[in-house]
Structures are given as structure tokens and as C-alpha cells.
Amino acid sequence: MSSEQRETPTADAAGRESSYDVKAVEARWQSVWQDLEPFRADDEAVRTGAKEKRYALTMFPYPSGDLHMGHAEVIALHDVVARYWWQRGYEVLNPMGWDSFGLPAENAAIRNDAHPADYTYGNIATQFDSFRKYAASFDWSRRFNTSDPDYYRWTQWLFNRFHEKGLAYRKNSPVNWCPQDQTVLANEQVLADGTCDRCGAEVTKRELTQWYFRTTDYAQELLDSLDVLQPTWPDKVINAQRNWIGRSEGAHVDFVVQGRDEPITVYTTRPDTIFGTTFMVVAVDSALADELVTDEHREAFEAYRAEIRKASDIDRLATDRPKTGVDLGVTATNPVTGAQIPVWATDYVLADYGTGAVMGVPGGDQRDWEFATVMGLPIVRTTRPPADFDGEAYAGEGETINSPAAGVDSPLDINGMSVDDAKRATIDFLEARGTGRGAVNFRLRDWLLSRQRYWGCPIPIVHCEKDGEVRIPDDQLPLELPELRGSDLKPKGTSPLGAATEWVETTCPTCGGPARRDTDTMDTFVDSSWYFFRYVSPHDDTQAFDTDLANLWGPIDLYVGGSEHAVLHLLYSRFFTKALRDMGLVDWDEPFSAYLAQGKVINNGRKMSKSLGNGVSLGDQLEEFGVDAVRLTLVFASPPEDDIDWADVSPAGSLKFLQRAWRLSGDVTSEPGAAPSTGDQTLRRVTHKTLHEAAQLVEGHRFNVMVARTMELVNATRKVIDSGAGGSDPAVREAVEAVAIMLSLVAPYTAEEMWERLGHQPTVARVGWPEVDESLLVEESVVAVVQVKGKVRARLDVAPDISEADLEAAALADETVQRALDGATVRKVIVRAPKLVNIVV
């Protein structure tokens with residue numbers, strides 16, 4: 001580090017220190033804050049009504065190593081709001097803990113012949129020290145880790161409540177399977193190229209009996225509640241949630257299939273296109289396809305199915321994927337036309353979508369068009385496309401045609417109708433015949449939560465031949481993980497828990513007979529879907545959380561985190577909250593009243609990556625420039641939602657600014673409590689206007705502009721000190737104290753040093769936001785710009801309420817303007833009082 005960036009204390013001519021040793025300052029204040037615990041939330045202050053509550057939350061970190069630039073950004077932004085709320089007099093709950101179960105720790109334990117806890121808790125200790133150094137305003141008295149038995153005991157307790165209510169269940173289904181990590185993957189954990197997002201292995205399909213939560217029971221409410229959240233959540237997050245839930249209106253239609261007693265029911269959003277249904281497609285990996293295929297076609301079917309199971313769901317649904325399939329050798333009856341249509345197995349239908357069967361309408365669906373073209377199947381349009389339409393399948397609005405087609409004897413005739421009228425008429429016909437009914441469908445699927453790995457929360461169920469699925473009694477929780485490490489964690493044809501025979505074999509809590517513990521662990525999303533409830537009573541060993549305290553503190557007033565969690569984490573947390581509400585455990589409807597999604601920290605226009613060689617070490621940046629400079633840089637760089645390119649910012653410049661601000665505190669010579677009203681009134685107006693605007697900017701999440709206004713106040717104060725009334729003016733003290741308080745939101749070390757040098761006791765973080773004198777916000781004069789022939793020729797100090805006529809007269813009378821006109825004829829004067837006069841000659 002250069003001497004300019006990290007200096008030892010030196011003295012100016014007046015004997016005051018002119019710079020400071022950043023390392024020494026950081027070490028000293030960390031010790032002071034640890035003793036003072038200024039951010040410990042007081043339940044009683046809220047319970048008694050002494051203070052209004054605010055619950056600030058940032059996303060659970062995973063302890064994969066030390067903090068990185070992404071952590072630094074989200075904490076810096078989150079801390080602005082939490083610290084501001086303290087300054088405004090609220091009682092703030094701002095907790096932190098660790099989402100500490102997960103596959104990376106397990107893989108590290110296998111590599112190092114160790115226990116996952118060694119990796120996990122070692123990294124937690126490292127991150128905790130870094131959080132403290134980074135001066136995050138967390139209430140550390142409430143911290144916990146999701147891998148602590150004291151926590152996952154209550155995760156298991158909640159699972160039991162979900163199981164009691166029928167919200168947790170098991171079923172056999174095709175799942176994404178990582179052959180290297182030997183575990184099930186959710187769809188979002190499979191990359192677009194069909195590989196595992198953790199290890200890069202090619203993902204396959206496998207039939208397994210898995211645990212699910214019934215998120216679909218809340219699909220409509222999850223969708224409807226987005227209207228309430230719309231004003232306080234980012235639009236892109238709201239839209240992502242809507243799209244994932246995916247509500248659609250249509251019909252269930254029954255197709256009688258050759259050789260099958262029960263009809264197959266398909267869901268369609270366009271029942272009006274049924275006359276164009278020329279085939280049916282069934283998911284190749286569904287039980288239905290396996291049931292329908294004839295003996296003559298089975299060999300080809302099984303070969304095709306084996307090939308398709310290598311592809312991920314994302315890959316299968318790609319619009320540019322070539323259409324493939326195999327004829328199952330059976331036909332189905334179109335319930336409107338009576339025609340026999342072939343049934344095919346294909347990869348572009350998924351087994352867990354409805355019944356895994358879809359009616360093929362090539363005239364109105366591009367995927368069906370491409371499939372019909374490849375397979376030589378008929379294509380019938382049922383909606384007349386516009387005259388200028390030059391595509392293939394047409395799914396838009398238009399007149400219904402070929403319904404029925406010429407020569408087809410059908411009691412339903414919807415030709416000439418609009419799409420909406422045709423839909424209604426078709427549904428009425430199907431319902432009257434008992435072959436269909438109107439329906440609402442959702443894209444949202446139930447939450448698959450089973451994982452075949454060790455380092456997760458064990459599922460508290462035993463399987464008994466006599467009693468079936470039996471919940472482990474609450475008073476026997478937690479069901480703790482057995483002691484496994486190193487090679488014991490490698491899957492060997494079963495999950496690591498499945499191979500722990502002594503742990504698996506147990507007795508049934510109901511009948512006392514032999515039973516087997518469930519060998520799956522829970523998806524880590526389960527841990528992070530309720531952790532914010534635990535924070536209200538983290539050390540309560542009698543209940544998952546105190547309902548009274550949860551209702552007192554909740555819901556969360558602001559949640560800050562990355563947009564990469566815009567769908568599943570937020571959706572699952574919302575589902576949990578609604579389920580717990582219905583169990584009477586909380587009275588919230590939604591967990592997060594407002595959500596702030598920050599951008600990413602990139603470098604030279606690209607995501608930071610070791611492989612790209614463009615990574616930036618947070619530790620190196622903190623060592624070189626100090627915590628405050630890094631925090632200030634991240635907050636000042638851009639609006640919170642934008643990406644920050646580290647190549648375009650200057651932590652060195654931030655450090656210089658902080659030193660300029662700090663030096664102001666050494667130049668103040670008036671005593672604490674000096675009446676500012678006797679000081680420089682112009683500076684006082686700047687100070688109070690800055691405080692007023694800063695509050696509005698923080699509340700509007702325009703943190704970077706708030707920093708800019710603070711910088712302007714520093715410059716204005718320096719000007720008064722150096723060439724005005726000087727450091728003894730009480731208005732200077734008022735301004736410098738305001739700077740310290742505003743900087744406490746962003747640069748807490750610098751602010752604390754300033755506050756102490758100004759003669760105050762710590763901590764500046766809790767002194768309160770200065771009261772703004774409204775009379776000082778009224779402008780006595782404004783600057784009016786006068787342009788002649790498009791060029792600025794004069795600036796006039798005028799009254800804010802000056803009339804257009806008076807402003808025009810003042811501009812034309814100005815000597816500078818007269819010289820610029822040089823006798824030319826004025827053709828037009830455009831006046832925008834009180835700030836602009838444009839003279840056209």
C-alpha cells in the first residue's frame with residue numbers, strides 16, 4: 001500500500017492529526033462495538049410500544065469460504081437501510097446466521113477424508129470474523145447455523161406438521177439424477193446443456209420414490225398475493241414469480257384410448273382447437289407411455305426412452321430441439337369428431353405436466369407443427385391467421401375455421417366464432433357430453449425436497465411394514481445424523497445414510513416392531529424457507545419460534561438479496577409462511593413486505609471467474625484501501641439494482657474522500673452544543689437541505705445519490721472553513737456532525753472517528769437523525785440561466801416566485817446580456833421562471 005493510502009498519524013500546523021492509520025482505527029472500533037453491542041434488538045421496546053419495529057433481513061450466506069465481493073455489496077447496501085432505521089429511532093431486528101447444510105461441504109469432506117462439519121464450521125468462523133471487520137450492523141446475539149441440531153430439530157418438527165396436514169407426501173416419479181454426486185437435482189440445478197450445476201456431470205433421469213411438499217395447494221394464493229407485493233418488489237421478480245406459477249385457463253378433455261378402460265384426460269388452454277387434434281403425444285418417460293405401448297412397438301419405445309433419459313427437462317423443452325418420437329401402436333378417439341388419432345411417445349412433453357399426455361394440434365402449436373411435419377401427420381388449421389401471416393402454426397386471435405371440417409359429421413359447429421366464444425362453446429359441449437370440463441391449471445409443480453446425500457436435515461420418518469409412514473415423535477427430535485466422514489460419504493448404490501445400517505435399522509414408534517429410518521435428507525431450501533421466523537427467538541428450546549414475537553416483529557420490512565433467488569427461494573418462503581399461517585403459528589400472509597434485489601459485481605464487463613482470470617479478492621481490497629473505502633465504493637458506484645464493474649470504480653478515490661471528510665472534524669473548534677443558529681446561514685441551508693434529501697434518497701433506495709449529496713456537503717463545509725467563517729463557526733460544527741451521521745450509514749469507522757474528534761461519546765450509529773429545520777429548506781434565491789442564441793451568457797440570482805415578466809425584464813436589462821445581443825433585434829424570448837430565459841435573435 002502507498003503511504004498516501006495508509007498513513008500513520010501526522011499533525012498539521014495547528015497540531016491536529018491530518019490522517020489516520022486505517023488498520024489501527026478498524027481494530028480499535030471493532031473492540032468498542034463488541035463491548036457496546038449497539039445493534040442488539042430489544043423485544044421489550046417493541047412489545048411495550050416504546051419504539052416502532054423494523055425487521056431488516058439479508059439473504060442467508062452459505063459458508064463456502066471467506067466473504068467475497070458479492071457478499072460485500074449486499075451487506076453494504078443492506079446496512080445503509082438498517083443503520084438509517086436505527087438513526088430514525090426504530091428498534092431494528094437485523095439478524096445473521098448461516099445456511100450451513102449443503103453438498104459442497106460433503107464433497108470437501110470426501111476429498112479430505114474429513115467430516116462436513118470441519119469444512120462448514122471452519123468457514124463459518126472465518127466469515128464471522130470478516131463480518132465483524134466489515135462493520136455489519138447485525139445483532140450477533142441471535143446467530144445460528146442450520147446444521148446445528150438445535151436448529152434442525154425444529155426443521156424436523158415443522159416437517160411433521162406439514163406431514164400431519166397432508167402437505168408432505170411421497171410419490172414415485174422421474175427425477176433429474178446426477179451420477180457423480182449421486183443425488184436428485186431440482187430443475188433449476190440442471191444447466192441448459194444438461195449438466196449438473198455443481199459438478200458438471202451429465203444429468204440423467206431416474207425413477208425414485210421422493211418426498212414432496214404440496215406447493216400447488218397454494219398456487220392461486222401465491223399468484224394473487226403478488227398484486228399486494230407489486231408496489232414494493234422489483235417488476236422482474238414479480239414477473240418471474242408469475243411465470244413460474246403459470247396460471248392458465250382451459251379445459252380437461254377425455255380421450256378414450258384403444259384397449260384401455262379409463263380415458264386419458266389432457267389439459268389444453270385452447271379447447272376450441274380440438275377439431276385440429278390429429279394425434280396425441282405422451283411423455284416418453286411416463287408410466288402412461290409404458291402402459292400404452294403395444295408389444296410390437298415396445299423394443300423401439302424402450303430404446304428411445306433410454307436415449308431421452310440422458311436429456312434434462314430444460315434441454316427437452318428447448319424450442320430449437322429437433323422433434324423426435326415413437327409410435328406406441330394405439331389410437332385415441334377425438335371426443336368431438338369421433339376420429340381415431342395415433343398416440344405417440346415424445347420427449348417434448350414432460351411426465352409431471354398434468355397426466356403426461358397432450359393433444360397434438362399442429363395448426364395451432366409450433367412444436368406440434370414441427371412434430372407432425374417430421375412424422376408425416378395431418379395438419380389442420382382451426383383459426384384463420386391474418387392475411388399477412390407467413391409463419392407455420394398460428395396461435396393468435398382470429399375466426400374459427402374447419403370446426404367441423406368439410407365432410408365431418410359433428411354436432412358441434414364453432415366456425416366463424418371468435419376464439420373466446422369458441423372456447424366457451426366447446427367447453428359447454430364437452431361438459432354436456434361428460435367428456436370434458438372447464439379447468440384452471442398451473443405450471444407450478446409440487447416441491448421435490450428429497451436429497452440422497454448426508455449433509456442435510458434428516459427426514460423424521462420411519463417406514464414400518466405394519467404402520468407404513470410413521471412420524472418420529474416430537475419429543476424424540478432431533479433425529480441427528482450418524483457420524484460419517486470421508487469415504488463413508490460416497491454413495492455406493494444407495495445414499496450415504498442408506499449405507500449406515502446401524503442408523504437405518506430402528507423400531508417403529510407406533511407398534512414397536514422393526515422399522516427403517518428414511519434415508520433421504522431435505523433440500524437446503526427447506527432450511528432457508530423458515531429461518532427468519534427462528535431469528536425472533538433463536539435460543540428458545542421449547543418451540544420452533546415464539547408466535548407472539550413472530551407476530552410482533554414480522555413481517556420482514558425489507559429483504560435484500562440477489563435476483564438469482566427471484567423464483568424458488570422466495571416462492572418457497574412464501575409457501576412456508578402461508579402454510580404456517582394456516583396452522584395458526586403466525587398471522588402474516590407474506591414474509592417480505594419489500595424486496596431489494598441488488599446487481600452483481602463484475603470485472604471488465606464479465607462475471608468474475610477464476611477461469612477467466614478476472615476475479616477480485618475482497619480481502620486484497622480491504623487490505624489495500626480499508627473497509628470504509630470498499631463499502632463506500634460499492635454504495636456510490638450505481639443504483640443498487642445495477643451491476644458494478646470493479647474496473648470502472650475507484651476505491652482509492654473513495655479513501656481520499658473519506659480522509660477529506662475526516663479532516664473536517666479536526667478543523668472544528670467550537671464546543672459541542674454550540675448554537676448553530678448563530679452561524680453561517682448559507683451553510684446551514686446546505687446542511688439541512690442535504691439531511692432532508694438524504695432521508696428521502698435512502699427511503700427511495702437511491703443510496704448512490706445520497707452519497708453524492710454527502711460529498712457536496714463536505715465540499716461546501718471545506719469552503720466555509722478555508723475561505724469563510726472558519727472552523728469556529730457553529731454552523732460548521734452542525735455540518736460536520738451531519739456528515740458524520742450520514743457517513744455512519746456507509747463508512748462506520750470514519751464516522752465513529754469523526755464523532756469522537758467532535759467531542760462526543762460513541763456510538764454515532766445511535767445518536768439519531770438530526771431534526772431538519774423546515775424554514776431553512778425555503779430557497780431565498782435561485783439561479784436563473786440566460787441564453788442568447790443557445791449560449792449561456794448570464795446567471796441571475798432571482799426570487800423563487802419571480803414572475804415570467806419580471807424575469808424577462810431582468811434578463812434583458814443585464815449588461816452581459818446586452819453585450820451579447822450587440823444591438824441585434826430580439827425576435828422571441830422564451831421564459832421558464834424562475835430558472836431559464838432563452839433569447840432568440
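Guide: Here is a short tour in questions and answers.

Visitor: What kind of model is this?

Guide: This is a predicted model.

Visitor: Okay, let's start with sheets. In what order do the four strands of the open sheet come?

Guide: The order is 4-3-5-13. The pairing in this open sheet is antiparallel.

Visitor: Which strands sit at the edges?

Guide: Strand 4 (183-185) and strand 13 (447-448) are the edge strands. Each pairs on one side only.

Visitor: How many bridges join strand 5 to strand 13?

Guide: Two. Strand 5 covers residues 204-213, and it runs antiparallel to strand 13.

Visitor: Which residue stands opposite L448?

Guide: Y212 stands opposite L448, which is in strand 13.

Visitor: And what holds paired strands together in general?

Guide: Strands of a sheet pair through backbone hydrogen bonds.

Visitor: Which helix lies across strand 3 and strand 5?

Guide: Helix 6, residues 149-164. Its angle to strand 5 is about 90°. Strand 3 spans 168-178.

Visitor: Let's zoom in on H163. Where is it?

Guide: H163 is in helix 6.

Visitor: Buried or exposed?

Guide: H163 counts as buried, because its relative accessibility is 12% and the cut-off for buried is under 20%.

Visitor: What does H163 touch?

Guide: Leaving aside residues up to four places away in sequence, H163 touches A168, W211, I461, E469 and R471.

Visitor: I see E469 in that list. What is E469 paired with?

Guide: E469 in strand 16 is the bridge partner of H463. Strand 15 (residues 461-464) and strand 16 (residues 468-471) run antiparallel, joined by four bridges. A hairpin of three residues connects strand 15 to strand 16.

Visitor: New topic: charges. How many salt bridges are there?

Guide: The count comes to 44 salt bridges. Side chains of opposite charge can pair when their charged atoms come close.

Visitor: What does R437 pair with?

Guide: R437 forms a salt bridge with D254. Their closest N and O atoms are 3.3 Å apart. This pair links distant parts of the chain: R437 is in strand 12 (residues 436-442) and D254 is in strand 6 (residues 247-257). They are 183 residues apart.

Visitor: What about D272 and R270?

Guide: The side chains of D272 and R270 meet in a salt bridge, 2.9 Å from N to O. D272 and R270 are both buried.

Visitor: And D365 with R367?

Guide: D365 and R367 also meet in a salt bridge, at 4.0 Å from N to O. D365 is partly exposed at 26% relative accessibility. R367 is partly exposed at 30%.

Visitor: Which residues do shared partners join into one network?

Guide: The network consists of E221, R574, K578, R581, D582, D589 and E590. Salt bridges that share partners join them.

Visitor: Now D729. Where does it lie?

Guide: D729 is in the loop between helix 25 (703-723) and helix 26 (730-743).

Visitor: What is the nearest side chain of opposite charge?

Guide: R684, at 7.6 Å. D729 is buried yet has no salt bridge. A polar atom of the D729 side chain lies 2.7 Å from the backbone nitrogen of A731.

Visitor: What else does D729 touch?

Guide: D729 touches S670, G679 and D680, not counting residues up to four places away in sequence.

Visitor: And G673, buried or exposed?

Guide: G673 is exposed, because its relative accessible area is 72% and exposed means over 50%. G673 lies in the loop between helix 23 (651-667) and helix 24 (681-699). The C-alpha atoms of G673 and E734 are separated by 9.2 Å, though the two are 61 residues apart along the chain.

Visitor: Last one, helix 27. How many of its 10 residues are buried?

Guide: Eight, so helix 27 (residues 748-757) is mostly covered. Among the buried ones are P748, Y749 and W755.

Visitor: What do the buried residues pack against?

Guide: They pack against several helices, including helix 1 (22-36), helix 3 (69-87), helix 23 and helix 26.

Visitor: What follows helix 27?

Guide: G759 follows helix 27, and the phi of G759 is positive, near 95°.

Terms used. Residues numbered from 1 in each chain as written. Predicted model: local features only at pLDDT ≥ 70, side-chain atom pairs only at ≥ 80, totals over all residues. Heavy atoms only, no water. Buried < 20%, exposed > 50% of the residue type's maximum accessible area, 1.4 Å probe, protein only. Lys, Arg positive; Asp, Glu negative; His and termini not counted. Polar contact = N/O pair within 3.5 Å; in protein donor to acceptor, adjacent residues only side chain to side chain. Contact = heavy atoms within 4.5 Å. Pairing = 2+ DSSP bridges. Axes fitted to C-alpha atoms, helices over the stretch in contact; angles between N-to-C directions.
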